[in-house]
Amino acid sequence: MAVLLVRDPTHEVEPGSVDAPRASPAEATAALQAFVAAVRSGDPDALSALAPDGDSEAADLLAGIAANVSALDLRGVTARYVDETGTVAADGSWTGVAELTWQLGSFDAHPSESDVRISFVPSGDRLGIVGFSGGAAGAPGRVPLWLRGELAVAESPGVLVLADGPQAEADAVAARVVVGVRVVRRVLPAWRGPVVVEVPASATDLDETLGASSGTYGAIAAVTTTAGNASGQAPVHVFVNPEVTAGLRRAGAQVVMSHELVHLATDAARSPAEPWLLEGFADYVALRDVDLPESTTLGRAIALVRRDGAPGALPAAADFDTRAGDLQARYEQAWLACRVVAERLGEQGLVDVYDAALAGTPVPRALARAGLPLPELTRTWRTRLQDLAG
């Protein structure tokens, strides 16, 4: 008798549980609720207690935020968990995106709103907050300056400066603002502020504060834009790049601040007007009473004409990209164009053209109505550049 043995190739495995770390939206929501409560109370101990156990760096960062609450009159702080971003690390740490709102007391008429990336780490039976960061390429995230720990704050009537640096830096910026307000009012006497200026610690931090990709504002001395996500009511602040302004002489740093305050005074950040008029007008006001030779104030524009010849048209929007080549020369060209308008129409005529453009009138139409058609302005401006270049 033959016996046939057949081996079953299948192998039974008892199912087991895999204890992989996971993000917990519920725990993140609880951590954010505790964070908001601690911020609203301005309690440094409550804030530092939100850090993971034993993480003194995170505890110090969070405690420093409490000082900002009173110094900035921080109000209307909310935080809503949105989503996990990236993957959960082996130690259980992960990053989530939260929608934050905040308002700087009487200086901001409306709240700011922004998506902020928050780093969490499991700590006992809760999630600890480690810190805040901007978004990677294509990802949401900007870091409001008040989340970077205790800031240096300088304040005077209608002026608030917050700096992630020494108190002397905040005081120096505030002094430039006070002078700049007077400069702007010589041409725009009805403007009354308020003014908020934010000074991150570095150019990299400026990019992160504004939710921009690395290097976007590396060569820019300052920028005037919304403090949070752009919207019709978002507060507009001036943001300073300390790495660029540190290399400027006192007069140059003052011109930069006065220029940005013109943008603030006229709400240029939300204007549809052509950039050459916005930037040229801001420089016209800032440089109006500065006694410098044209070889200095128009030096780069002159060099560009000598290199490439006189331009056939006023600078286009692309010429004012923060990474555009010959950017400073384009600013000087725009300033010269506004000087030509003021020479032909008078200072009030320039202001009238600017106001019309801010209100939505196309610049060529505003110029034509004022008696200086765009082709005539362009020819006069071009000839002036050629004469200056020799």
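This is a predicted model: local features need pLDDT of at least 70, side-chain atom pairs count only at pLDDT 80 or more; totals for chains, interfaces and linings use all residues.

Colleague: Which residues line the largest cavity?

Modeller: The lining is made up of W102, L104, V143, P144, L145, W146, L162, E198, T209, A227, H237 and F239. Two elements, β2 (94-104) and β9 (236-240), each give two or more residues to that lining.

Colleague: And how many of the lining residues are nonpolar, polar or charged?

Modeller: Nine are nonpolar, two are polar and one is charged.

Colleague: Switching topic to α14. Which of its residues are buried?

Modeller: L377, T378, W381, L385 and A389. Looking down the axis of α14, the buried residues fall within an arc of 100°, so they line one face of the helix.

Colleague: What does the buried side of α14 pack against?

Modeller: Its buried residues pack against α8 (275-287), α10 (299-308), α11 (327-345) and α13 (363-370). The face turned away from the buried side carries P375, R379 and D387, which are exposed.

Colleague: What follows α14?

Modeller: G390, with a positive phi, near 75°.

Colleague: Last one: where is G252?

Modeller: G252 sits in helix α7 (residues 250-265). G252 is partly exposed, because its relative accessible area is 30%, between the 20% and 50% cut-offs. Its C-alpha atom is 26 Å from that of G390, 138 residues apart along the chain.

Notes: Residues are numbered from 1 along each chain as its sequence is written. Side-chain values use heavy atoms; hydrogens and water are left out. Helices (H or I, at least four residues) and strands (E, at least two) are DSSP runs, numbered from the N terminus. Buried means under 20% relative accessible area, exposed over 50%, partly exposed in between (1.4 Å probe, protein chains only). On a 1 Å grid over the protein atoms alone, a cavity is a set of points where a 1.4 Å probe fits but cannot get out, and a pocket is an open set with protein on both sides within 12 Å along at least five of seven lines; lining residues have an atom within 4 Å of a point. Ala, Val, Leu, Ile, Met, Phe, Trp, Tyr, Cys and Pro count as nonpolar, Asp, Glu, Lys and Arg as charged, and the others, Gly among them, as polar. The arc is that of the directions from the helix axis to the C-beta atoms. Contact means heavy atoms within 4.5 Å.
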